Amino acid sequence: MKKQRIDYGSLKSKIGNVEITTGAVLESTGSTSKTKTGAWRSLKPVVDEQKCIGCGMCWTYCPEGCIEKSEKKFKVNFDYCKGCGICSNECPVKAITMVMEEK
Ligand code: SF4
Ligand code: SF4
């Protein structure tokens, strides 16, 4: 029996107007801010403002740069948050809980 090969390079789809490949690789540079990667999320970070001490660790570690500082509090921009959970893991007072996204 002949082995079938999958041509992964041809498996492409689109988010908005941006074409993505298998593994969600963005091929065009400088397009991150135009792609609302929040649609990829299955878990969502929820900040308990009572517990938050405003240290900024979540802002420092977020790989998407989607945590924004407003006065003393830090807010997630859900248009770009991928739900990786790094902010929740790094928060020293455990103020961020990852909850299942409801869409
Ligand atoms: S879950 Fe990940 S992408 Fe979303 S705000 Fe936290 S660190 Fe950033
Ligand atoms: S890491 Fe936790 S305590 Fe620090 S700013 Fe973020 S949510 Fe607040």
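A residue counts as buried if 20 or more other C-beta atoms lie within 10 Å of its own, as exposed if 12 or fewer do, and as partly exposed in between, with C-beta atoms placed from the backbone. The model is a predicted one, in which local features need pLDDT of at least 70 and side-chain atom pairs count only at pLDDT 80 or more, while totals for chains, interfaces and linings use all residues. Residues are numbered from 1 along each chain as its sequence is written, and chains are lettered from A and ligands numbered from 1 in the order in which they are written.

Start with the overall layout. Of the 103 residues in the protein chain, 15% are buried. Two residues are in contact if their C-beta atoms, placed from the backbone, lie within 7 Å. Looking at contacts with a separation of 6 or more, 53% join residues 24 or more positions apart.

Strands β4 (residues 67-70) and β5 (residues 73-76) run antiparallel and are joined by four bridges; two strands pair if DSSP finds at least two bridges between them. E68 has K75 in β5 as its bridge partner, and S70 stands opposite K73 in that strand. Two residues sit between the strands of this hairpin, and E71 there takes a positive phi near 50°. In a regular strand the side chains alternate between the two faces of the sheet.

F74 leads on to the core. The largest nonpolar core has 11 residues, F74 and V76 among them, along with C58, C62, I67, Y80, C81, C87, C91, A95 and I96. Such a core is a set of buried Ala, Val, Leu, Ile, Met, Phe, Trp, Tyr and Cys residues joined through C-beta atoms within 7 Å. Leaving out residues up to four places away in sequence, F74 touches V47, C52, G56, C58, W59, I67 and K69.

Then there are the two ligands. Around ligand 1 there are 13 residues, of which C62, C81, C84, I86 and C87 come nearest; a residue is near a molecule if its C-beta atom, placed from the backbone, lies within 6 Å of it. That shell divides into nine nonpolar, two polar and two charged residues. Here Ala, Val, Leu, Ile, Met, Phe, Trp, Tyr, Cys and Pro count as nonpolar, Asp, Glu, Lys and Arg as charged, and the others, Gly among them, as polar. Ligand 2 also has 13 residues around it, with C52, C55, M57, C58 and C91 nearest. Its shell has 11 nonpolar residues, two polar and no charged.

C52 turns up again in the loop between β3 and α1 (57-61). C52 counts as partly exposed because it has 16 C-beta neighbours inside 10 Å. Apart from neighbours within four places in sequence, C52 is in contact with V47, K73, F74 and A95. C52 and A95 are 43 residues apart in sequence, yet their C-alpha atoms are 5.5 Å apart.

A few other spots round out the picture. K44 is in strand β3 (residues 43-47) and is partly exposed, since 17 other C-beta atoms lie within 10 Å. Not counting residues up to four places away in sequence, K44 touches G83, M98, V99 and E101. From K44 to I96 the sequence separation is 52 residues, and the C-alpha to C-alpha distance is 9.6 Å. K94 lies in the loop between α2 (86-90) and β6 (96-100) and is exposed because it has 10 C-beta neighbours inside 10 Å. Most residues other than glycine have a negative phi. K94, not a glycine, has a positive phi of about 55°. N17, in the loop between β1 (12-15) and β2 (18-21), is exposed because it has 8 C-beta neighbours inside 10 Å. N17 and K34 are 17 residues apart in sequence and 8.9 Å apart in space, C-alpha to C-alpha.
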